[in-house]
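Biologist: I would like to go through this model slowly with you, and to ask at each step what stands behind the words you use.

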Amino acid sequence: MGFNITGKIFGVLCLLALLIMPQNVSATKNDWIDPGYNFRSVRSAVLLDASSLNSGFGLSGAAIQSLRSAFDGASQKLKCAVIFESQLAGGGRNLYSDGRYSAPDLQSVAARADIAIRCQITKWNDRSYVIPARTVWEDRRETRSIRDRDGNWIEEVYYVTVPVTYPPRRVDISEITAMFEAYDTRTGRLVFSREDIRDREEFSAQSKMFGRMCNSFFEDLQKRIR
């Protein structure tokens, strides 16, 4: 009897949690790795300019700065030396042009870094839908006073099944997709790429998701380097 009561209470609490708490809808990572590249030879990395984080999504300057800080901060998970493109000779230059990184541009920094890392946000979207009003049958906890076998009054807990109507609920979805790429600076060729696709039942949660994307990418890259 006690087990059944506990199970029913737990079930009700889980349902309430699902209704009121933000939920991860999906998270997908699509990786491509050059099987012939020796990641263990990497001793230094350059983070390429993060201007591509603002890919026409109308983000504010503060939002872009927050994304750059997340990207730069997550790079500290790498155990190798990390420098920024702005720290290269002729600081402020952008190695990314005409929609790509050219091999000569990347080779020009080979003396400073073994790999060059770039990130680009390719999707940043908010959408919503409405869960219509619905009625479900749930167990409701009740109590009553009864006499035990000795004639003493005690409180007894029991459950009755009742219809419960939930009003319509709006669900906000935050969507973001980011591309992470690592290039070998000596050859200019791509050696590791990741498309990270995520959405979440929460309003404007892209920045938080992007931080986790960056952490995941640099953690996984470090596993290959060490």
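Biologist: Which residues of the largest nonpolar core touch the most other members?

Modeller: This is a predicted model, in which local features need pLDDT of at least 70 and side-chain atom pairs count only at pLDDT 80 or more, while totals for chains, interfaces and linings use all residues. Residues are numbered from 1 along each chain as its sequence is written, and side-chain values use heavy atoms, with hydrogens and water left out. Of the 32 residues in the largest core, those touching the most other members are Phe71, Ile117, Phe180, Phe210 and Leu221.

Biologist: What makes a set of residues a nonpolar core?

Modeller: Its members are buried Ala, Val, Leu, Ile, Met, Phe, Trp, Tyr and Cys residues joined through side-chain atoms within 4.5 Å, where buried means under 20% relative accessible area (1.4 Å probe, protein chains only). Helix α4 gives the most to this core, with eight residues.

Biologist: Why are α2 and α4 called roughly parallel?

Modeller: The axes of α2 (residues 61–74) and α4 (residues 206–225) cross at roughly 20° and come within 8 Å. Angles under 35 degrees count as roughly parallel, and α2 and α4 are therefore roughly parallel to each other.

Biologist: Which residues of α2 and α4 meet?

Modeller: Taking contact as heavy atoms within 4.5 Å, Leu67, Ala70, Phe71 and Ala74 in α2 meet Ser207, Phe210, Gly211, Cys214, Asn215 and Phe218 in α4. The residues of this contact divide into seven nonpolar, three polar and no charged, with Gly counted among the polar ones.

Key. Axes are lines fitted to C-alpha atoms, for helices over the stretch in contact, and angles run from 0 to 180 degrees between N-to-C directions. Helices (H or I, at least four residues) and strands (E, at least two) are DSSP runs, numbered from the N terminus. Angles under 35 degrees count as roughly parallel, over 145 as roughly antiparallel, 65 to 115 as roughly perpendicular and the rest as oblique. Buried means under 20% relative accessible area, exposed over 50%, partly exposed in between (1.4 Å probe, protein chains only).
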